[in-house]
Amino acid sequence: MNARSQVFELSVEGRQIEEVVQSLFHTLLLHRTLGKFHYKQEGSYSIGTVGIVDEDCDFIDLTYVRVGSDNLDLAIRREIASFRDSLRFNDGPRSGQISLEFYQKKRARWPFQAECIPWEVWTVKLDVINLANEHERQVCREKIGELLSEKVLFVAEIMNRHEYVPKTPNQSELDLIFDTSFLDVQPYLYRISHSTTEPSSTSVGISMRKFLKDTLAL
Amino acid sequence: MASTSGRLSAQDRKDLEKFTNFFVLKSLQIIVQSRLGEKIKTKSKPVSSGADWFNLAIKDTPEVHIEAKKVIAGQQSMLAQNVCTEISLRTTEGETMVLETWYTDFDSEEIDSSVKVSYGVYNRMGIALKSLFGVSRVPPAYRLARKQSINGSDYVICYRFYLGEPQFFQLGDGYQKSTVGVVPTPVGKITLNLAYRTKLLMSPHRTTRDLPFEVKDDHFKSECSPRKQTEPKPCSLGFRRTSISDDCRLDSQDLCSTTFSTSPPDYAYITAASSYKTPAINIGTGTKQQLPPIDQRPQSAPEKSNSFSTLHRVGAFAQPKSLKDIPLKGLEEIPFLSLLNNQAVKTDTTPVKDNPETCSSSGENMETANSSTGSELNKSTSSQTSAPDDFVMVELKTPFAGVDSNNDLGRFYRDCQGALSQSMFEEGTTLNDTLDQVTTQLAMFETKMKDFDDFVGSFHELDQ
């Protein structure tokens with residue numbers, strides 16, 4: 001099965017990295033999180049309630065809505081902070097990407113581990129830019145707010161196509177579909193991964209060196 | 001709908017109508033609440049109370065609920081007419097500008113017969129409402145609504161519900177349309193849309209105080225005419241009179257008229273056949289929630305004529321406050337005013353908590369805290385005579401200060417007040433001397449310019 005895949009590309013200031021990714025991932029998770037399932041007896045269950053929280057951004061003109069679960073928020077923030085650190089505090093990379101992947105597990109025979117099959121992947125590619133003055137920052141702040149607003153509309157459009165999501169499982173298979181580690185809500189199984197790339201400004205030098213090395217190796 | 005509804009069982013049809021009804025009600029709540037000017041925060045509940053439709057924690061605003069019910073009641077059949085919400089801005093001068101129109105329409109041509117009413121459609125409605133949550137924070141009206149809560153803003157955001165064709169002409173040139181949520185059902189497609197104004201500049205020509213053209217009585221078709229033009233109401237009105245509880249949200253008939261009345265927890269269980277992963281819904285196994293009689297539930301205050309000017313004066317979108325708090329507002333700007341009050345108490349040698357006036361005025365925790373601090377201050381060792389008249393606070397024992405008032409804030413303040421004048425002002429220097437001094441200083445800076453550059457450079461290196 002091929003996973004659906006969407007990519008967002010943005011140029012942002014270093015301090016905007018976290019909020020850009022948070023606003024997008026939380027908007028996605030809002031749609032991909034259900035209330036907690038409680039199985040009453042074989043085959044029947046009740047669903048809990050999902051709370052709603054408005055979050056204002058500090059460095060972008062944007063308010064986004066997230067699921068009212070502090071633990072889920074914390075888990076997402078932790079992953080995004082690690083992405084931000086790798087982008088901001090290393091000398092090299094000034095661009096990178098972070099992905100939110102929804103997957104389901106398929107049990108495998110012992111001793112193999114369960115197979116993870118992604119069904120939807122959302123990727124945010126970021127270029128980190130430096131701005132010269134406060135005026136440019138203000139423009140950027142508004143511009144990124146507008147761009148993210150468009151993305152929120154786009155997410156709504158995709159979510160309302162009602163394409164494939166894993167079927168509601170029996171109790172024994174609940175943790176093959178959902179992340180059951182949260183006490184208050186139940187998102188579909190997800191994982192966040194990120195990578196960074198070398199800055200484009202030095203890529204010419206690097207590729208030249210590589211070219212020379214390759215030539216010598218011949 | 002009539003041609004296709006035959007495929008559905010009577011129960012499914014009934015459920016679908018009920019779901020649609022609540023979908024519309026909840027969407028209207030979400031829209032109006034997003035224009036309150038305040039941030040929404042509701043908690044997730046592992047176990048639903050049974051009144052949370054679509055598994056979403058949406059606190060209903062009673063006034064909005066009543067208005068929405070009135071509008072929906074005007075429909076002949078399920079979404080026979082579009083349900084529209086108009087969000088407008090009204091200034092203190094009474095000028096009005098329509099900012100956006102949200103509308104729910106129904107297309108009976110597009111049928112999705114593969115989806116089951118119970119849970120399938122229900123779940124899709126939940127997703128559409130989540131999208132509505134997200135998207136409602138995006139248009140320009142959201143920012144305007146948030147800014148109205150700042151004191152001194154000269155406008156208020158209003159809402160109005162109506163049935164029929166959305167009146168786009170009120171949104172000015174260049175308005176934009178967007179689809180927010182789509183719910184395909186076995187009888188047709190429900191779509192939740194937004195049209196919003198992009199030109200927010202207010203001019204006399206743009207306002208919609210009066211319609212821009214003469215409208216005859218029979219201008220609109222009778223079935224799509226907003227027959228009873230309702231007056232837009234400030235979004236915050238209901239919110240400020242919050243009497244929200246789970247009980248007042250649902251009329252008892254909402255629970256009785258259908259067995260699958262709310263989210264699955266107690267009313268409808270989803271049964272999964274052991275051989276098949278997709279659960280089927282077993283409806284009506286739950287017990288009904290006992291609600292208090294309607295007349296015992298919290299009732300909202302009777303509708304008054306909503307003059308914006310009166311609302312505005314009490315801070316239309318500010319936190320609820322009693323009117324008698326307002327005159328104190330100016331006085332609060334004097335730091336530690338509450339400490340001054342306690343001076344009076346001290347002279348009376350009456351304990352603060354026994355003073356009925358103090359107790360009655362300290363409605364909020366903060367004020368209570370100040371009062372109790374004040375009673376401690378009565379033991380302060382310093383006297384009032386040593387301080388200038390316009391400064392009383394130094395005489396009081398501040399919460400974190402030492403025992404000796406000469407070592408604390410009082411000393412600091414006195415030092416500042418009676419600061420020695422600088423020697424350069426005492427010497428009678430001429431203008432020329434001063435200029436010379438400045439010139440030599442500038443020259444010195446210029447010679448040391450490299451040092452400064454190096455110094456700044458070192459910071460830059462550290463940064464990298």
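## Secondary-structure elements and the model

Helices (H or I, at least four residues) and strands (E, at least two) are DSSP runs, numbered from the N terminus. The model described here is predicted.

## Local backbone features

In chain A, the loop between β7 (95-106) and β8 (115-129) contains P111(A). The peptide bond that joins W110(A) to P111(A) is cis, with omega at about 5 degrees.

In chain B, N55(B) lies in the loop between α1 (10-34) and α2 (62-73). The phi angle of N55(B) is near 55 degrees, a positive value in a residue other than glycine. For context, most residues other than glycine have a negative phi, and most peptide bonds are trans.

## Extent of the interface

The contact between the chains draws 49 residues from chain B and 42 residues from chain A. About 3900 Å² is buried between chain B and chain A, and carbon and sulfur atoms give 53% of that area.

## Polar and charged pairs

Three salt bridges are found across the interface of chain B and chain A. D56(A) and R146(B) form a salt bridge in which the closest N and O atoms are 2.6 Å apart. Between chain B and chain A, 21 residue pairs are in polar contact, with both residues at pLDDT 80 or more.

On the side of chain B that touches chain A, at least two residues each are supplied by α3 (117-135), α4 (140-147), β4 (176-185), α8 (264-267) and β7 (268-272) of chain B. The largest share, 10 residues, belongs to α3(B). By class, this side of chain B comprises 23 nonpolar, 13 polar and 13 charged residues.

## Helix pairing across the interface

Two packed helices are described by the angle between their axes and the distance between the axes. Helix α3 (residues 134-159) of chain A and α3(B) have axes that come within 9 Å and cross at roughly 175 degrees. Angles over 145 degrees count as roughly antiparallel, and α3(A) is therefore roughly antiparallel to α3(B).

Which residues bring α3(A) and α3(B) into contact? From α3(A), V152(A), L153(A), A156(A) and M159(A) meet I127(B), S131(B), G134(B) and V135(B) of α3(B). The contact of these two helices has six nonpolar, two polar and no charged residues.

Note on methods:
Residues numbered from 1 in each chain as written. Chains lettered and ligands numbered in written order. Predicted model: local features only at pLDDT ≥ 70, side-chain atom pairs only at ≥ 80, totals over all residues. Heavy atoms only, no water. Contact = heavy atoms within 4.5 Å. Buried area = accessible area lost by both parts, 1.4 Å probe. Salt bridge = Lys/Arg side-chain N within 4 Å of Asp/Glu carboxyl O. Polar contact = N/O pair within 3.5 Å; in protein donor to acceptor, adjacent residues only side chain to side chain. Nonpolar A, V, L, I, M, F, W, Y, C, P; charged D, E, K, R; others polar. Axes fitted to C-alpha atoms, helices over the stretch in contact; angles between N-to-C directions. Parallel < 35°, antiparallel > 145°, perpendicular 65-115°, else oblique.
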